[in-house]
Amino acid sequence: MSAKTDVKNYTGFRTLTFVCLFILYAPLVVVTIYSFNASPSITVWEGFSLRWYGDVFTGPESGKFKAAAINSFSIALIAATLATIIATSAATAIVRGGIFKTRTLSLGLISLPLMVPEIVLAVATLIFFNAVGFTRGYMTILVAHIAFCIPFAYLPIQARMQGIEDTYEQAAMDLYATKAQAFRRVLLPLMMPGIISGFLLAFIVSLDDFIITNFVKGAGVETLPTAIFGSVKQGLKPNIMAISTMLLALSIVMVTLSYVVSKTDNTK
Amino acid sequence: MAGGAATGGSAAADTYKSARHWLLLPSWLVLVLVVLAPVCMMLIYSFLTKEFRGGVIWEPTLAAYDQFFFDRGLFGDDPPKIEWTYITIFWRSIWQAGLATILSLIIGFPTAYFIATRPERTRALWVFLVTIPYWVNLLIRTVSMKFLLRDQGPMNDFLISTGLIDDPLRIVNTNLAVQLGLFYSYLPFMVLPIYASVERYNFAMSEAAADLYATKWTTLRRIVLPAVKPGVIAGCILVFVPSLGAFLAPDLLGGAKNFMIGSLIEEQFKGNAGNWPFGAAAAMVLLTMVLILLMIFARQQRRAEASP
Amino acid sequence: MKPIKRMTQTAMALALMASGAAAEGDLVIYHWFEYIPQDLLDKFTAETGINVTMDTYDSNESMLAALKAGGMGTYDVAVPGDYMVKIMAGEGLLDTIADGELANKGNIAPEWADPSFDPGRKHSIPYQWGSTSFSVDSDVYSGDINTTDILFNPPAELAGKINMLDAQGEVLATAALHLGIPQCSTDREQLKALNDLLQASKDNWVSFNSDTAKEVLVSGDAAAGMIWDGFSAKAREEKASITYAFPTQGYVVWMDNVVLLNDAPNRDSAIKFMDFLLEPENIAAVSNFARYADGLTGTAEFLDPALATLPEANPHDGAGPGVFVEACDEATQAVYDQIWTNLKK
């Protein structure tokens, strides 16, 4: 072993890393295992079964979960899409717009949803919708989600754009491309990995949100987290574990996807 | 993350200078209308009169802040004393969030350091392993934690079957459960920024220290730690701030027995109390605390960047 | 920009799907959790063609808070307890049901036709009634449980293993019964005694949970807990040693009622739903599910015979009086709110 690796390694750090991973995964693994339990009681193991996965789609609560899933995914899709468009346009102004007075202010505004604790944002949004007399429902959830998704979409997009030299666009414009063409044909394709990570990040953040949704949702409009919360408050049931496992699998797929996308990065 | 967006990078490129205000317009529109205006509205509400059982009357008053800071006895006519009730609740939240942060640091720092010192090819895989659980719904993670820790849960079953303990450990519905829940919820937030700092750290400095006969632990304390301090501070903030306002962990793991800041605020809008101005005032106090913390952090960051 | 365009199109399509559910024959119910069988809602839909959407709550107070925080105009009916009907009427949240609008109004049992909380049943119809007390796991403690000492001065076996309902009204009313003081007291000594009692008892309580009141007893996470009678009957079916108490000091009784909310988006559907629940066969299905008593005449033939002899519904001879929770005026309520906050600080 060379001296270089020696100064890097500390006894016990490897062990603590495995402790860390164990802590992170143990609860998820336990829930995944028990979601395949045949018993309706969550405490007794009665053998392997897929009945609770069937129950999610056909059981007495399936209607509720189906509606919640449609709401969750449609809200996440719309909110993430709009937030990504807004964030891309803001990043273009901030990274490629020179120095101007409202630049720092704009950055502060965009990071605001990250700085304000979620419960404060939830209360503020509730008060606001109440004061202006919005009827709470699907639209209020959507509007709130678009707002807090913006910084999550913005961060990877900005990081990506900073990594792209503006010489590419300059070259295009030297060849008589208009600014709009330079943006569409040169900058945007180069930006795609950042835009996709930003979109995925915003999508998951929206899909995951409980606190704000719980405050701004209206009659009968549930998202998956609020529907799950309503169920688990009365105790963890096997069908909830099945839903959790499916969401876990979905999250893993999405993260893997964004990982692969960032690996196929063509400018590095 | 809190500091990340605030830099914005070099401002040399100005290709889209002429369109920049149009490009910024959508983000301003959404964020001013849906984030800034509501926070201002909340500030106004905190100075209004409460309506019995929820709602507000548009008459200005300091009653909400008075209730927060002064104790006038059970019947409201004793001479005012300092009110300890809410200070206790805030202090408990700070304490719980603080312990969760320290716990995250103890486990998170070695993990981040270990990952950052792996060969470059496997590093991304390690980061990937740490981030996956963070993408799982917080609610599901908290409930899983409760399931694992409960008196008749898998952890106690396992410990009893191995003969390590005879009676189940009672963890659910204690403060320990809340701390563990918070720690577990935000652990990846600690690992990632520290990892980013250690990755940029120049290990030649450690070698130089070793050449000068510094022990490894001295090197860690005196050379590595100061160099990666911004990452450590960022990690602590990213764990501490969301822990401070959390209400899922106290509600599901702590048995809703003791208020934390989050549950106190929630109670004013969705629970028994129905005192909106007071809820708004408590939220303002929390927001002010967090913003002060972030300002101190931003100053620290700037100082760290100024002195390489 | 093709990918983004495609994303937008898909998103729009999904949004249309989500909002397409709002057809004409709708009914939006705001209801307690686990309190109405899904079969009965399906039957209502089959009979009337009305789509039912239901949100749930876990305490009268949180229901009121949600309605006042922008929930009005989105729900058609809610199911508040007795004192909450009075409060909601006072707040102007309830619509009046005109004479003759409900075809089955005559089915209401005489003793529930003109209750003090809604004279003349102008806004509400009876849903279920029962009691709130507490249950003890007799495997853990086998002594006398018919005393509020179980909650406020527990034996060593139960201390630190008691779950309380997270419901201000019922907890404070039970504490008042323990002390033998009125519920909306203005007497300072009594209020101080109440505050001290709760402070002293807190260490004996492990959690405040309404939704899991049954689950904590069945799972053994708590050895005793405040609970509603029917919920306790369900708990006993899962664990035979769970015994419901009727304390000699008295216990809380309640009646939940279906009320017609002001600004109901589907008022006609709401009236149809109330008429539906006034049919003995339908309300009996609720009782058979929730294990509480109904407030109609002519239900006997539809009820599960086991309900008549349910130990949770038949107080023993030594049981104290059953009392309704009272609604206090604003000034008095402020003191009780303060006591509750002190308890949970």
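**Terms and their grounds**

Mentor: In chain B, 56% of the 308 residues are buried. This is a predicted model, in which local features need pLDDT of at least 70 and side-chain atom pairs pLDDT 80 or more, while totals for chains, interfaces and linings use all residues. Residues are numbered from 1 along each chain as its sequence is written, chains are lettered from A in the order in which they are written, and side-chain values use heavy atoms, without hydrogens and water.

Trainee: Why is the pair Glu215(C) and Arg150(B) called a salt bridge?

Mentor: The term requires a side-chain nitrogen of Lys or Arg within 4 Å of a carboxyl oxygen of Asp or Glu. The closest N and O atoms of Glu215(C) and Arg150(B) are 3.4 Å apart, so the pair meets the criterion. Across the interface of chain C and chain B, the rule finds 2 salt bridges.

Trainee: Which residue counts describe the contact between these chains?

Mentor: Chain C contributes 38 residues and chain B 28 residues, where contact means heavy atoms within 4.5 Å.

Trainee: What is the buried area between chain C and chain B?

Mentor: About 3,100 Å², with carbon and sulfur atoms giving 50%; the term denotes accessible area (1.4 Å probe) that two parts lose on being put together, summed over both.

Terms used: Buried < 20%, exposed > 50% of the residue type's maximum accessible area, 1.4 Å probe, protein only.
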